[in-house]
Amino acid sequence: MYMIESKEGAIICMLLALLFLGTWPAIMTLTERRGRLPQHIYLDYTLTNLLAAVTIAFTLGQIVLNLGTLATQYAWAFVGLSVTEVITASIAVVIGTTLNYFLDDRINRAEILFPGIACFLVAVCFGSAVYKSNEDDNKSKLQEFKSLENVSSFQMETNPANGLAQEKGSAAFLIELEKQRAIKVTGRSTIIGLAITFFAGICFSLFSPAFNLATNDQWHTLKHGVPKLNVYTAFFYFSVSAFVSALILNIKFLYWPVLGLPRSSFKAYLNDWNGRGWSLLAGLLCGFGNGLQFMGGQTASYAAAGAVQALPLVSTFWGIMLFGEYRRPSRRTYILLTSMLFMFTVAVAVLMTSSGHRK
């Protein structure tokens with residue numbers, strides 16, 4: 001069984017995990033914005049997510065329900081990729097990292113760790129302000145349209161190979177996006193999306209401490225002589241339970257959809273190849289990202305591994321590049337966005353600096 005021996009190796013694992021975990025949400029958002037049902041996306045995703053766990057378990061390695069990931073699939077549609085990631089990541093860091101600090105017998109340097117958590121709190125405040133400012137920008141852009149019916153007077157064409165044809169950030173782009181995407185959000189209250197986002201953040205904050213307990217048995221629940229789970233075996237069980245829960249929930253959502261989505265079927269899912277490759281890639285990235293996070297956390301502490309929850313650094317980049325988020329912003333939005341990204345960068349550096357070494 002391969003184990004990370006050095007603190008430096010653990011930090012490299014966490015940086016790779018940050019890249020992977022910040023990229024897969026962008027890929028799933030890309031397919032939803034091209035019209036693919038989130039139930040179909042998530043069923044593909046969970047297959048390759050399990051495949052990644054099996055691969056890690058049977059190569060490097062010789063129970064919780066992952067409801068957080070499922071919830072964010074719907075939250076992205078309502079409040080945007082970047083805002084959702086900011087809120088869920090910050091909740092996960094504040095709750096999960098604090099719990100892991102005490103579970104790991106305080107091997108992190110508290111005088112560094114908790115200022116890092118404070119940086120996440122500041123970042124989420126900036127993130128909330130960015131969201132509000134960006135919403136105001138979009139409303140200003142749409143003022144020239146009296147109603148969505150007026151859009152028919154514009155020449156708007158969509159190239160399936162290149163996605164949306166309009167200039168990103170424009171009013172025409174926002175309306176064309178709404179017409180194409182699977183989840184329609186115009187006229188809906190963002191309270192629904194924010195509620196789902198907070199629920200997802202709480203779920204994400206708890207699965208890392210649960211994984212910590214599974215591999216280190218700090219509460220001494222195992223009988224004498226029973227070996228603790230190694231990180232690879234625990235990750236395999238984690239992924240199997242996520243697969244089972246996702247399969248049950250999403251098959252249910254095929255026939256009894258939520259949030260105004262159209263009814264589908266398992267046969268329709270099997271025949272839907274639109275964006276399937278991207279959905280499968282998202283599952284692989286998430287699976288390997290989680291595996292690297294846990295491998296690094298087992299060596300350098302799970303509290304320090306909470307630094308990978310700064311994935312808004314990556315997802316905001318993809319949100320801007322792929323989805324036109326924060327294009328043509330006001331000066332206020334630009335300043336708030338820059339401040340948010342700066343605070344996340346500081347938070348990652350501080351949390352990783354607090355890393356200890358498990359004995």
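**A walk through the helices and aromatic residues**

Trp24, Tyr42 and Tyr45 come together in one aromatic cluster. Keep in mind as you look around that this is a predicted model. Across the structure there are six aromatic pairs.

Another spot to look at is Arg276. This arginine lies over the face of two rings: that of Tyr269, at 4.8 Å from the ring centre, and that of Trp273, at 4.4 Å from the ring centre.

Now for the annotated spans. An unreviewed UniProt entry lists residues 49-67, 74-100, 112-131, 191-214, 234-256, 277-296, 302-322 and 334-353 under "transmembrane region". Let us take two of them and see what the model shows. Residues 234-256 are 96% helix and 0% strand, with 33 Å between the C-alpha atoms at the two ends. Residues 334-353 are 100% helix and 0% strand, and here the end C-alpha atoms lie 29 Å apart.

Next, follow the chain to helices H12 (residues 312-323) and H13 (residues 331-353), whose axes are 10 Å apart and which pack at an angle of about 145 degrees. H12 brings Pro312, Leu313, Thr316 and Ile320 to the contact, while H13 brings Leu337, Met340, Leu341, Phe344, Thr345 and Val348. Sorted by class, that makes eight nonpolar residues, two polar ones and no charged ones.

Asn134 sits in helix H5 (residues 110-142). Is Asn134 buried or exposed? Its relative accessible area is 14%, and because buried means under 20%, Asn134 counts as buried. Leaving aside residues up to four places away in sequence, Asn134 touches Tyr326 and Thr333. Its C-alpha atom is also separated by 9.2 Å from that of Tyr334, although Asn134 and Tyr334 are 200 residues apart along the chain.

For a contrast, turn to Pro227, which is placed in the loop between helix H7 (190-216) and helix H8 (231-255). Pro227 has a relative accessible area of 65%, so this proline is exposed, the cut-off being over 50%. Between the C-alpha atoms of Pro227 and Asn216, eleven residues apart along the chain, the separation is 9.9 Å.

Our last stop is helix H6 (residues 171-180). Why is H6 described as largely enclosed by the rest of the structure? The reason is that seven of its ten residues are buried. Those buried residues of H6 are Ala171, Ala172, Phe173, Ile175, Glu176, Leu177 and Glu178.

Methods. Residues numbered from 1 in each chain as written. Predicted model: local features only at pLDDT ≥ 70, side-chain atom pairs only at ≥ 80, totals over all residues. Heavy atoms only, no water. UniProt positions renumbered as here; feature names shortened; annotations may be inferred. Helix = DSSP H or I, 4+ residues; strand = E, 2+ residues; numbered from the N terminus. Phe/Tyr/Trp six-rings, centres within 6.5 Å; stacked < 30°, edge-to-face > 60°. Lys NZ or Arg CZ within 6 Å of the ring centre and 35° of its normal. Axes fitted to C-alpha atoms, helices over the stretch in contact; angles between N-to-C directions. Contact = heavy atoms within 4.5 Å. Nonpolar A, V, L, I, M, F, W, Y, C, P; charged D, E, K, R; others polar. Buried < 20%, exposed > 50% of the residue type's maximum accessible area, 1.4 Å probe, protein only.
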